[in-house]
Number of protein chains: 2
Amino acid sequence: MDKNEIKALRDEAYRHLTTELLPFWTSRMKDEKYGGYITHFDENGNDTGEDEKSLIAQTRCLYTLSSAHRAGYGDGELAELAKHGADFIINRMWDEEYGGFYWMMDRKGNVKIDEKIIYGHSFAIYSLSEYTIATGDPRGIEYARKVFDLIQKYCTDTMYGGYWEMFHRDWTLKGPGSAGGDRKTLDVHMHLMEAFTTLYEASHEDVHRRKLLEVIDILNKRINHPEYKTGIPQFFKDWTIAHQIKFDIIWGWDRFSEDGQKGNATDNTCFGHNAEFAWLLNNALEVMGADKQKYMELFRIIFDHTVDNGIDREYGGVFVEGPHSGGVYDREKEFWQQAEVLIGMLDGVLLLNDEKYWDAYKNVHRFVFDKVINKGVGEWYPLLTRKGEPIWTHMGHSWKINYHTVRSMIQSIDRMDALMKKM
Amino acid sequence: MDKNEIKALRDEAYRHLTTELLPFWTSRMKDEKYGGYITHFDENGNDTGEDEKSLIAQTRCLYTLSSAHRAGYGDGELAELAKHGADFIINRMWDEEYGGFYWMMDRKGNVKIDEKIIYGHSFAIYSLSEYTIATGDPRGIEYARKVFDLIQKYCTDTMYGGYWEMFHRDWTLKGPGSAGGDRKTLDVHMHLMEAFTTLYEASHEDVHRRKLLEVIDILNKRINHPEYKTGIPQFFKDWTIAHQIKFDIIWGWDRFSEDGQKGNATDNTCFGHNAEFAWLLNNALEVMGADKQKYMELFRIIFDHTVDNGIDREYGGVFVEGPHSGGVYDREKEFWQQAEVLIGMLDGVLLLNDEKYWDAYKNVHRFVFDKVINKGVGEWYPLLTRKGEPIWTHMGHSWKINYHTVRSMIQSIDRMDALMKKM
């Protein structure tokens, strides 16, 4: 590895973060009239006017601003903007009667969907904890704790372990099938690991650490493939593998055929998730001061699977998904998978000191900066063809916001700085 | 079955309950000076002066009084005495800082052991819920709900399912081995089923029902022997069977050798627990309005195991324990096992309409009334030889109180009334 090369990529990321990405958001996200954040922007960064404020997008914006302020960016402006969003989340989205946050509001702050969705609540814990760490405002950790308590009361399966995810407003479980009430997913358990990590970082409470250790155990022993250590997307109550279906409440851009099924519904893993899981696990161990040695082999297996199967050596970037045993089903490029693999590959270099992860990083970095970033606008295209032509072109949406992109830049810069220090 | 015979035994039980058992307690249990109940009495019913008010004994007394009042006994006197105990439990035993009830107080209401023990908390939920059902005092269900929430937050194992049981005051888990922090037990899960049943009966809250269904599942799929359906006493985190050991915090009269081990530490089941589990499960299904048909075979297997192995056909009564596959290790007679088998055998008659359970009931009934009851005093001897000579002679203690004896009489009278109505 060449120090100058690292420096050049690090500086490219820094320029993008500070002169394009953060300004894209800070210049247009503040809803002065109704509070909270405006989150829907077209290819040119113009507000599309969509009348939605989703729990995910509001909390992810709060995370982005808080984490960037904590990392030293923005000269205080980001903290102020974070407080603006925390006010809306706490004062308008909290359900005073049953507890928990509503899933979807309109811009004015009226409830559109009152259901309690754990995917969104994991981001509430994550962002509110980060907000208190970054700014000292005690309301963040206060509400993060409340959500944690509600999840422990209403969402655990005390028979088979793990967490249920889809609830009505009053925390009764939703029905089976596409309503999601009979499924347990990789997605939610991974994001609970992410959330409990930052919650514990903010609280240092024993029970937060204990539940973090347990969810790590669930991911390793139930959700990751026993041989390939790749993530399996969906399960039934007793952890038998479920056909991967589309839920009525969507939270991302997973693409399904018209009948709501995946073509390879029971043998499918997503490269972005695997790399994201590995670096989030590494971060959790670091926050807990836990021993990493026993996970080194796991990190190697996961990062190697990503490098061997997920990286497109011809056109650059990360494929969408493939079978657990290796290979690729879907060769298009999703923005968030690029973002997470960047961080994962740098963790691979730092943890395992193997140049192949650096080569993979450079590959994806190049693809992101040459193809994924919408030049002159500043955010990333959400979905591109294998070769890098944009398919979807919106810059912001309830399910496509700044959390992956900004976090990827902050975390990658940090890791490249650490890498150079070691040289 | 002969109706007159049933009537005679029913009236014998009624006389014992109303003229001996309840008066034994109501005449001496009220601590006028410090509040709560006096619970330590010698063979003659004299206060031994032991300076203890345990969470179990206080809550079990509250259950006894509340349930007897609810069943129509006492002309209001029992409800008043129940309120006296609820005041002490709520005002003196509740930990305002960390939540939950202290394990052991002195008579004056000072804390002697501040640990949070789930066995005791299951009785807190059970008795406080019964108290509200019986008297309408809303404080009972209010504190039962608080305890339920704390247990869901601090005690579940979200990886392997089930509940941890032994905690420090601040709800951090105690250490392994005799500290109990690495064990899961039949005892606690069975008493949580009992507690959640009455909690749900009082609250009709969906989450209370859901957790009740889950703990029934845990008992059937993890704790009961897969073939014999007999209860296995202790497990490790992942439900592998643990050698049955004695805990530092004791809650009953289980007898161990000097090294704190059972002679047959991994193949041991207790007849009283099995029958108690079965009738409590039947009660849970009834309270939920759930279908009993799918459990009929289970009831038959458990009751048959009790009849075939637990009943002493020579001297009468119920043995202590034996191997899962059949047979007996310990032929002494514990009071509480007689009490629970009485109810269980009557449920056997009512559910399965088989005369052999009635014969077993009569056997144990006779042994109780001829040998176990301390004549002229009114309570039961805690432990007797196989032939029925008293070994331990105290009438009351932190771990030997009125819950089994009074409940056994109330429940048996109810069942014999139902039996006669069907004839």
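Me: Does Asp75(A) count as buried or exposed?

Reply: This is a predicted model, in which local features need pLDDT of at least 70 and side-chain atom pairs count only at pLDDT 80 or more, while totals for chains, interfaces and linings use all residues. Residues are numbered from 1 along each chain as its sequence is written, chains are lettered from A and ligands numbered from 1 in the order in which they are written, and side-chain values use heavy atoms, with hydrogens and water left out. Asp75(A) is found in the loop between α2 (55-70) and α3 (77-92) of chain A, where helices (H or I, at least four residues) and strands (E, at least two) are DSSP runs numbered from the N terminus. Buried means under 20% relative accessible area, exposed over 50% and partly exposed in between, with a 1.4 Å probe and protein chains only, so at 83% relative accessibility Asp75(A) counts as exposed.

Me: What is the phi of Asn353(B), and in which loop is the residue found?

Reply: Asn353(B) is exposed, with a relative accessible area of 62%. Although Asn353(B) is not a glycine, its phi is positive, at about 55°. The residue is found in the loop of chain B between α10 (335-352) and α11 (355-372).

Me: How many of the 19 residues of α12(B) are buried?

Reply: Helix α12 of chain B (residues 403-421) reaches 27 Å from its first C-alpha to its last, close to the 27 Å expected at 1.5 Å a residue. This helix too is largely enclosed by the rest of the structure, because the number of its 19 residues that are buried is 15.

Me: Which relation superposes chain B on chain A?

Reply: Two copies of a chain are related by a rotation about an axis and a shift along it. Here the superposition, by least squares on the C-alpha atoms of residues with pLDDT of at least 70 in both copies, takes a rotation of 180° with 0.0 Å of shift along its axis (RMSD 0.0 Å). That is the relation of a two-fold axis.

Me: How much area do chain B and chain A bury between them?

Reply: The contact, meaning heavy atoms within 4.5 Å, takes 29 residues from chain B and 29 residues from chain A. Lys153(B), Thr158(B) and Met159(B) supply 32% of the area that chain B buries against chain A, more than any other three residues. Buried area is the accessible area (1.4 Å probe) that two parts lose on being put together, summed over both; with 50% of it on carbon and sulfur atoms, the area buried is about 2400 Å².

Me: Which residue of chain A meets Asp149(B) in a salt bridge?

Reply: A salt bridge is a side-chain nitrogen of Lys or Arg within 4 Å of a carboxyl oxygen of Asp or Glu, and by this rule there are two across the interface of chain B and chain A. In one of them, at 2.9 Å from N to O, the side chain of Asp149(B) meets that of Lys153(A).

Me: How far apart in space are Glu389(B) and Thr59(B), C-alpha to C-alpha?

Reply: Glu389(B) lies in the loop between β11 (383-384) and β12 (390-392) of chain B, and it is partly exposed, with a relative accessible area of 43%. Glu389(B) touches Leu383(B) and Leu384(B), not counting residues up to four places away in sequence. Glu389(B) and Thr59(B) are 330 residues apart in sequence, and their separation in space, C-alpha to C-alpha, is 30 Å.

Conventions: Expected span 1.5 Å × (residues − 1).
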